[in-house]
Amino acid sequence: MSQSDFALFMGQLARKPHQVVALAPSSRFLCAEMVAGLDPAAGPVIELGAGTGNITRAILDRGIAPENLHSIEMNAEFCDRLRARFPGLNVYQMSAGDLGDLPVEDAQAVVSGLPLLSMPLPLQHSILSGTFRRVRTGGTYVQFTYGPKPPVARSVRDDLGLTWQVSRKIWWNLPPARVYRFSQAA
Ligand SMILES: C[S@@+](CC[C@H](N)C(=O)[O-])C[C@H]1O[C@@H](n2cnc3c(N)ncnc32)[C@H](O)[C@@H]1O
């Protein structure tokens, strides 16, 4: 019998706490807010830190075709689970820090489940600068956070000229979270 997604997530959290960095997978309420702005007719979507695929599922349910979704995850066991769960999905076992090299043009958004605030500044900078090389003009970087501050460091925001919008607090998540949508000034 295959291990449940929850058991797999908890097992990897125990083995690799510095990579997984969450008490539990994102709730369906948080996932719904993460994908709220996506449009099936507006081109590819890139996902970062897909884990066992809660946000992946929500992106597909929003109407994005699997061949138009490109999911990056560094953990090999999570990648195996994503390939088994979502036929046709593009799964890349790699670091999100190399996102700028992904062979995807004019993405509408990068949707991130990464523990961004716990990452070193140079890695944060690579992820955000890679994002704005891969998205079309006006494309967004979508990131949840549990804390009270924007989940992208000020120095990275200033260097890349980022502006943002923030959602209401999603209480039905462990812990409660907010979703930020960053875009780059023209
Ligand atoms: C908080 S979990 C989120 C999982 C899932 N998206 C969710 O929201 O429930 C963070 C995920 O990011 C992955 N991750 C951490 N650092 C990464 C990196 N540099 N590149 C790609 N994936 C990374 C972890 O392996 C883990 O699956």
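Where is the place of Phe29?

1. Phe29 lies in helix 3 (helices are DSSP runs of H or I, at least four residues, and strands are runs of E, at least two, both numbered from the N terminus). The model is predicted: local features need pLDDT of at least 70, side-chain atom pairs count only at pLDDT 80 or more, and totals for chains, interfaces and linings use all residues. Residues are numbered from 1 along each chain as its sequence is written, and side-chain values use heavy atoms, without hydrogens and water.

2. Phe29 has a relative accessible area of 39% and is partly exposed (buried means under 20%, exposed over 50%, partly exposed in between, with a 1.4 Å probe and protein chains only).

3. The buried residues of helix 4 (residues 54-61) are Ile55, Thr56, Ala58, Ile59 and Leu60. Just after helix 4, Gly63 adopts a positive phi of about 110 degrees.

4. Five aromatic pairs occur in the structure (rings of Phe, Tyr and Trp, the last by its six-membered ring, pair if their centres lie within 6.5 Å; planes under 30 degrees apart count as stacked, over 60 as edge-to-face and the rest as tilted). The pair of Phe144 and Tyr146 is tilted, because the ring centres are 5.6 Å apart and the planes stand at 45 degrees. Phe144 is buried at 9% relative accessibility, whereas Tyr146 is partly exposed at 30%.

5. Trp164 and Phe182 also form a tilted pair, with ring centres 5.9 Å apart and planes at 50 degrees. This pair links distant parts of the chain, since Trp164 is in strand 6 (residues 162-166) and Phe182 in strand 7 (residues 178-184), 18 residues apart. Trp164 is partly exposed at 35% relative accessibility, while Phe182 is buried at 0%.

6. Ring pairs join Tyr141, Trp164, Tyr180 and Phe182 into a cluster.
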